[in-house]
Amino acid sequence: MSEKPFRVLPRVTPQNQHFWCGGAEGKLQFLRCGPCGSYVHPPAPVCGKCLSKDLTPTAVSGRATVATFTLNHQPWVPAADHPYVVAIVEIEEQPDVRLMTNIVGCPPEAVHIGMAVAVEFEEHEDVWIPVFAPVDA
Ligand SMILES: [Zn+2]
């Protein structure tokens, strides 16, 4: 096991708990609107598409596509490895649900736009940070 990278951990609230703690069960979860079926992220009290408040945490496949990325060479946190890949990925179920994340499990220079990735979780205390690794084609 390698050392886990340093993370500034999110504050878990009742509104985002499904997202940050779903990894305990290996699930990437988003609020899903009952009436229209849209996924809502970041967590909000109403659906942005139909304004319904009927939102339920729902697991998705965890598959996603890299929409854009950058190599971070800047030592923002002294303990982190450099460079590392900061990416925005679009989930398979709904491409307008985008996550800012890190791409792991491959050399930074192998990451490209359109790359198929799948979620993995990095456990830190009581938070499971979703990160994404390449899917073997
Ligand atoms: Zn809706």
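Reader: Hi! Leaving aside neighbours within four places in sequence, which residues is Ile88 in contact with?
Author: Hello! In this predicted model, Ile88 is in contact with Ala67, Thr68, Arg98, Leu99 and Met100, once neighbours within four places in sequence are set aside.

Reader: And which strand has Ile88 in it?
Author: Ile88 belongs to strand β5.

Reader: Does it count as buried, exposed or partly exposed, and why?
Author: Ile88 counts as partly exposed, because it has 16 C-beta neighbours inside 10 Å. To be called buried, a residue needs 20 or more.

Reader: OK, which residues of β5 are buried, then?
Author: Val85, Ala87, Val89 and Ile91 are buried, and their side chains point to one face of the strand, which spans residues 84-91.

Reader: Nice. How many bridges join β4 to β5, and do they run parallel or antiparallel?
Author: Eight bridges join them, and the two strands run antiparallel. Strand β4 covers residues 63-72. One of the paired positions is Ala64, whose bridge partner in β5 is Ile91.

Reader: What about β5 and β6, how many bridges there?
Author: Seven, again in the antiparallel sense, with β6 covering residues 94-103. Ile91 has Gln94 as its bridge partner in β6. The hairpin that joins β5 to β6 passes through two residues.

Reader: Back to Ala64. What is it in contact with, leaving aside neighbours within four places?
Author: Ala64 is in contact with Val89, Glu90, Ile91, Glu92, Val117 and Phe132.

Reader: Let's talk about the core. Which residues of the largest nonpolar core touch the most other members?
Author: Those are Ala64, Val66, Ala87, Val89, Ile103, Val117 and Phe132, out of 23 residues in that core. The elements giving two or more residues to this core are α1 (17-21), β1 (28-33), β4, β5, β6, β7 (116-124) and β8 (127-134).

Reader: You mentioned β8. Is Val131, which lies there, buried or exposed?
Author: Val131 is buried, because 21 other C-beta atoms lie within 10 Å. Not counting residues up to four places away in sequence, Val131 touches Thr101, Asn102, Val104, Glu120 and Glu122. The C-alpha atoms of Val131 and Phe121 are separated by 5.9 Å, with the two residues 10 apart along the chain.

Reader: Switching to the big picture, how many helices and strands are in the protein?
Author: The protein has one helix and eight strands. Along the sequence the pattern reads α-β-β-β-β-β-β-β-β. Buried residues account for 24% of the 137 residues.

Reader: And what's the strand order in the open sheet of three strands?
Author: The order is β2-β1-β3, with antiparallel pairing. β2 (39-40) and β3 (55-60) are at the edges with a single partner strand each, so one side of each has no neighbour in the sheet.

Reader: How many bridges pair β1 and β2?
Author: Two bridges, in the antiparallel sense. Arg32 stands opposite Tyr39 in β2.

Notes:
Residues numbered from 1 in each chain as written. Predicted model: local features only at pLDDT ≥ 70, side-chain atom pairs only at ≥ 80, totals over all residues. Buried ≥ 20, exposed ≤ 12 C-beta atoms within 10 Å, placed from the backbone. Helix = DSSP H or I, 4+ residues; strand = E, 2+ residues; numbered from the N terminus. Pairing = 2+ DSSP bridges. Core = buried A, V, L, I, M, F, W, Y, C linked by C-beta atoms within 7 Å. Contact = placed C-beta atoms within 7 Å.
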